Amino acid sequence: MPQPKTRILLVEGKTEERIIPELMEANDIHWGPPKNPIVTILDSDGVENLLREIPVRLKTPGLTALGVIVDADDDADAQWQRIRARVLGEFAELPNMLPKEGLVVTSKDGKIRFGAWVMPDNQSRGMLETFLHFMRPKENQLLLDHTHSSTMTARELGATFKEAHLDKAEIHTWLAWQHPPGCQLHDAVKQKILVPKHPYAGPFVTWFKLLFGV
């Protein structure tokens, strides 16, 4: 019989679903077996679906904690306001502005913790790849600078990625020059090509621990 999903994390896509367990494992949080992880991550296939899922998942029998992670894209506050509108009636203390350390609140009856994190840092524009961008090792700043300039030059020469996806293009360009070349993002975390215990990742890991009690 499957275990009840008492701790649920809603994410926009498969990339987050794969990266977060690797990031937590690398930060000394045992994730557990695939069929019984410490937190059930649900890929919502896009932010619109995720927002619709929030009130539904809050009614999950036995639920103790529900988290949501979305990309800021161009406006972190606008994304927070969309999340806030979905849970306003369930939680008494919801700030107008998302705290820089992420949100964790408890339901009026004290039974459910709810948390929100807007990638990359609850304040800046960007996305998951922006978050990972800051987890690159800084030993070779010249290579980091060259990665950025090369990505910008490629766009000027006709590369068709959208401006909003610059950080995504840049992190994959940088990974193409690592060993082994072209690692997937979750493997880059697992193999520590990206730095999972980087200080930039610390606040997110702390938020996750607080929300899910791990």
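At 1.5 Å a residue, the twelve residues of helix 3 (residues 76–87) should span 16 Å, and its end C-alpha atoms agree with this at 17 Å apart. The expected span is 1.5 Å times one less than the number of residues. Helices (H or I, at least four residues) and strands (E, at least two) are DSSP runs numbered from the N terminus.

The model is predicted: local features need pLDDT of at least 70, side-chain atom pairs count only at pLDDT 80 or more, and totals for chains, interfaces and linings use all residues. Residues are numbered from 1 along each chain as its sequence is written, and side-chain values use heavy atoms, without hydrogens and water.

Buried residues (under 20% relative accessible area, 1.4 Å probe, protein chains only) of helix 3 are Ala76, Gln79, Trp80, Ile83, Arg84 and Val87. They lie on the same side of helix 3, because they cover an arc of only 140° around the axis. The arc is taken from the directions from the helix axis to the C-beta atoms. These buried residues pack against helix 2 (47–57), strand 3 (65–71), strand 4 (103–106) and strand 5 (113–119). Contact means heavy atoms within 4.5 Å.

Five strands form an open sheet with mixed pairing, in the order 2-1-3-5-4. Strand 2 (40–43) and strand 4 stand at the edges, each with a single partner strand, so one side of each lacks a neighbour in the sheet. Pairing requires at least two DSSP bridges between two strands. Strands 4 and 5 run antiparallel and are joined by four bridges. Val104 stands opposite Gly115 in strand 5.

Definitions and conventions
Buried < 20%, exposed > 50% of the residue type's maximum accessible area, 1.4 Å probe, protein only.
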